[in-house]
Amino acid sequence: MNETHRPYTLIAELTYKCPLRCVYCSNPLDYAGHGRELDTETWQRVFREAESLGVVQLHLTGGEPLVRKDLEVLIQEGRALDLYTNLITSGIPLTRERLQRFRELGLDAVQVSVQDVAAAASDRIAGLPSFDRKLQVARWVKELGFPLTLNVVLHRENLAHVDEIVELAESLDADRLELANTQYLGWALLNRRALLPTRGELEHARAKAVAAKERLRGRMEVLFVLPDYYSDLPKACMDGWGRRFILVSPDGLALPCHVAHTLPGISFDNVRDHPLDAIWRDSEGFNRYRGEDWMPEPCRGCERRTIDFGGCRCQAYHLAHDAAATDPTCYLSPHHGLIVAARAQAEREAGDPVELQYRTATLMPRA
Amino acid sequence: MIPAEAKPRLASKARLRFDRQTERYLLLYPEKGLELNPTAVEVVQLCTGEHTLAEIVARLADKYPKQARTAIERDTLTLLAALADRGLIGYEA
């Protein structure tokens with residue numbers, strides 16, 4: 001580890017609890033089997049230790065962070081440390097009064113997710129009637145003077161609606177619109193057949209997003225990243241393993257990403273047992289895929305290794321059953337056929353109804 | 001082209017924060033940050049909506065007499081354009 005490894009962002013997953021059941025939830029499939037949540041004092045200590053390490057951005061997320069009764073105290077702690085404090089929320093359950101209280105406590109910014117541009121379609125993906133309440137919350141966010149990020153996860157059921165999503169974001173006066181293509185891990189991988197679009201669907205959406213980005217420059221930031229399944233090149237997942245982000249799970253594991261604890265044979269330390277700086281600098285988990293020594297061919301000799309850092313370790317494991325393999329989304333990966341096959345399936349099954357598997361605590365996912 | 005009498009104002013979503021590790025200022029905004037050089041920090045600190053573009057340039061030119069005024073003006077405009085692109089600067093009439 002050296003100075004190129006500095007965390008700028010702490011992703012604080014305050015809870016795995018959530019009233020929504022989104023079919024692409026980024027929480028691990030076995031979220032319900034995790035231990036008790038960190039208490040208020042431990043989170044406060046984690047924030048302080050993160051700030052000492054260089055963190056300047058704090059993301060309060062989950063699950064649904066609003067279900068934590070101590071969210072007010074945690075916002076206050078974030079601001080006391082001069083962290084840029086973001087609330088990442090579904091907006092449910094929330095009152096205008098509570099949001100106003102967050103404002104008074106210094107919360108910097110709010111990100112609200114919607115699943116589509118109409119209630120029926122949005123609620124179908126969320127697994128809960130929630131669309132209208134989300135829009136209400138987004139309006140409160142702006143009324144109270146927060147910057148608003150609108151987040152919409154894209155997949156084959158809503159990719160055709162990019163123009164309407166942009167319109168919705170404009171009508172809400174959003175400062176930022178994240179058109180986030182689904183990452184196929186966890187619940188999304190389970191639902192990949194229902195969610196993965198065809199190349200044509202994606203290219204149409206991209207053209208619309210690029211046009212909106214140009215038109216709205218300086219007024220609204222529009223983000224659209226070509227998903228790795230169609231780019232033939234892997235993403236620099238989390239800007240590289242243990243380089244810029246620390247994620248702390250509800251039960252206290254310090255992780256390089258949302259689902260690193262699903263990788264077998266790696267031990268991750270708990271913030272209950274160790275200070276965060278020791279975990280960041282010295283733990284086996286954070287050091288496992290830092291640098292280049294772990295890299296296999298074709299990464300090892302590839303000039304892009306300092307750009308994409310070999311891609312996503314979790315994707316390598318969940319698709320190719322080897323966390324140290326080149327990310328299969330790379331066209332040079334010996335496992336790239338898995339991606340090509342998934343794309344071919346999306347073409348074959350375009351328009352066919354596929355049953356969705358909702359996030360649920362009782363479902364025992366297939367291995 | 002931005003008129004010289006326009007008064008730039010930093011957006012409320014953006015916040016300057018001194019970074020102990022680099023001893024530089026970061027301009028933080030939702031989910032992102034920019035590292036600013038010392039002169040850029042001075043420009044941003046003057047973006048309160050009270051000073052015109054011309055006044056900002058004049059103030060920096062006074063402070064750095066060895067630098068060509070045209071270079072100061074160019075650098076200031078480049079910075080403000082980059083910030084405006086990100087929605088971090090607005091202009092008062």
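Helices (H or I, at least four residues) and strands (E, at least two) are DSSP runs, numbered from the N terminus. The model is predicted: local features need pLDDT of at least 70, side-chain atom pairs count only at pLDDT 80 or more, and totals for chains, interfaces and linings use all residues. Residues are numbered from 1 along each chain as its sequence is written, and side-chain values use heavy atoms, with hydrogens and water left out.

**Sheet of chain A**

Chain A holds an open sheet of 9 strands with mixed pairing, in the order E7-E6-E5-E4-E3-E2-E1-E8-E9; two strands pair if DSSP finds at least two bridges between them. E7 (221-224) and E9 (254-255) of chain A are the edge strands, each pairing on one side only. E6(A) and E7(A) run parallel, joined by 4 bridges, and A:Leu177 has A:Val222 in E7(A) as its bridge partner. Across E6 and E7 of chain A lies helix H9 (residues 199-215), at about 160° to E7(A); such angles run from 0 to 180 degrees between N-to-C directions, with axes fitted to C-alpha atoms, for helices over the stretch in contact (heavy atoms within 4.5 Å).

**Interface of chains A and B**

| Item | Value |
|---|---|
| Residues from chain A | 27 residues |
| Residues from chain B | 17 residues |
| Salt bridges, chain A and chain B | 10 salt bridges |

The buried area, the accessible area (1.4 Å probe) lost on putting two parts together, summed over both, is about 1,900 Å² between chain A and chain B, with 39% from carbon and sulfur atoms. A:Arg176 forms a salt bridge (side-chain nitrogen of Lys or Arg within 4 Å of a carboxyl oxygen of Asp or Glu) with B:Glu31, the closest N and O atoms lying 3.4 Å apart.

Conventions. Chains lettered and ligands numbered in written order.
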